[in-house]
Amino acid sequence: MELLHGPIRDYAWGSRSAIAELQGRPVPSDGPEAELWLGAHPGAPAAVDRDGDRVSLTDLLLAEPDHWLGERLVGRFGTRLPFLLKVLAADAPLSLQAHPDAEQARAGHAADAARPDGQRNYVDPYHKPELLVALSPMEALCGFRDPAASAAVLTGFGVPALEPVLAALRTGPAGLRDAVRLLLTWPVDRRDALVAAVASAPVAGPDAELARNLADAYPGDPGVLVAMLLNRVRLAPGEAIWMPAGNLHAYLRGTGVEIMAASDNVLRGGLTPKRVDVEELLRVLRFEVLHDPVVPPLEVAPGLVTWPVPVEDFALHRVTVGAGLPRVTVEVPGPRVVLCRSGEVSVDDGAGAVTLGPGRAAVGSATAGALRVGGAGEAYVASCGLR
């Protein structure tokens, strides 16, 4: 194992305390710190130490693919790390967004290359399923809820202009597409008034409070109303949400460990000043009710849990070691990235051992052996999901 140094992305919605506290740095930080990236994505690759310098993990994978990735991963994913591990820290709501499946990403990326206007929805040809595990109590919007429940909420605002949307929702899941289309294509000259009417309605309850908070952050944004169609999820630490292709979602507040396929393909659906391609979003979204988006942890061995997901790109495990269980062995294929969440842990893959404190990370190659985690603390292990 080798120490891995990850960059921090300073998106405006980020926290000025969560990542700094995790890493033991002064709080508040100089600016918002939204995501700590621990991977080889070309947008912000992590680095390892080499002869007094720091070398991009992306460059190392290209130079030594068989060592870092192994023949099996190269054959399946090419000379790239197929997963990206992050710490996500949200102090404000993120944009509503969805991601394409693998076929849509390949076709969309190829089509974008030929667009004369230069607009791009697909920056790479890869899908981007995601799993987020809460480190703190966390709130999110994830997947469509029962349209009847959404219709009841919107009816309660008492805004007559919403009647076409309500009519679509009353037809059940088949009406979700029309409801989303109506909200996202609302005439621009009437959009501010519609959102303001909903936000100012004399209604009590969690949905009304959410609408007001979102409207304060994004005045006149139709995503405020689209948010009313989604499940509002509250995660306790250790609980997770799984976001497959076509799932409309947004994080509202909190800190979590996120693992995803290494892609940056995002189709936005509101709560953003950025471009929203309504037709492409509607083509990608899965208009079906997601009854329970929460994924509980599954214990696979003493001190070792995972959150099973149906993809080959990644897997995530949490290791807890201490006085009663001083060492845990983790058998995962291919390269792996380890993040210490708390305490102090040692990680040894037979090729080298490092000691990690909170917020510090290490990376190991595909040619190393089983990962042995010792010490006293908690760590997350990211790997590919091949079996």
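Which residues lie nearest the centre of the largest pocket? They are S95, Q97, V266, R268 and K274, and the lining as a whole comprises 35 residues. The model is predicted. This briefing covers the pocket, the nonpolar cores and the cysteines.

**Largest pocket**

- The space within the largest pocket amounts to about 780 Å³.
- Elements that contribute two or more residues to the lining are β3 (35–38), β6 (83–90), β12 (249–261) and β13 (267–268).
- Among the contributors, β12 supplies the largest share of the lining, namely four residues.
- Sorted by class, the lining of the largest pocket consists of 17 nonpolar, 11 charged and seven polar residues.

**Nonpolar cores**

- The largest nonpolar core has 50 residues, and the members that touch the most others are F144, L154, F157 and L162.
- Beyond its neighbours within four places in sequence, F157 is in contact with V198, A201, V203, D207, A208, A211 and M228.

**Cysteines**

- The structure contains zero disulfides.
- C142 has a relative accessible area of 0% and is therefore buried, the cut-off for that class being under 20%.
- C384 likewise counts as buried, because its relative accessibility is 0%.

Definitions and conventions
Residues are numbered from 1 along each chain as its sequence is written. This is a predicted model: local features need pLDDT of at least 70, side-chain atom pairs count only at pLDDT 80 or more; totals for chains, interfaces and linings use all residues. Side-chain values use heavy atoms; hydrogens and water are left out. A disulfide is a pair of cysteine sulfur atoms within 2.5 Å. Buried means under 20% relative accessible area, exposed over 50%, partly exposed in between (1.4 Å probe, protein chains only). On a 1 Å grid over the protein atoms alone, a cavity is a set of points where a 1.4 Å probe fits but cannot get out, and a pocket is an open set with protein on both sides within 12 Å along at least five of seven lines; lining residues have an atom within 4 Å of a point. Grid points are joined across faces, edges and corners, and a volume is the space filled by probe spheres set on the points. Ala, Val, Leu, Ile, Met, Phe, Trp, Tyr, Cys and Pro count as nonpolar, Asp, Glu, Lys and Arg as charged, and the others, Gly among them, as polar. A nonpolar core is a set of buried Ala, Val, Leu, Ile, Met, Phe, Trp, Tyr and Cys residues joined through side-chain atoms within 4.5 Å. Contact means heavy atoms within 4.5 Å.
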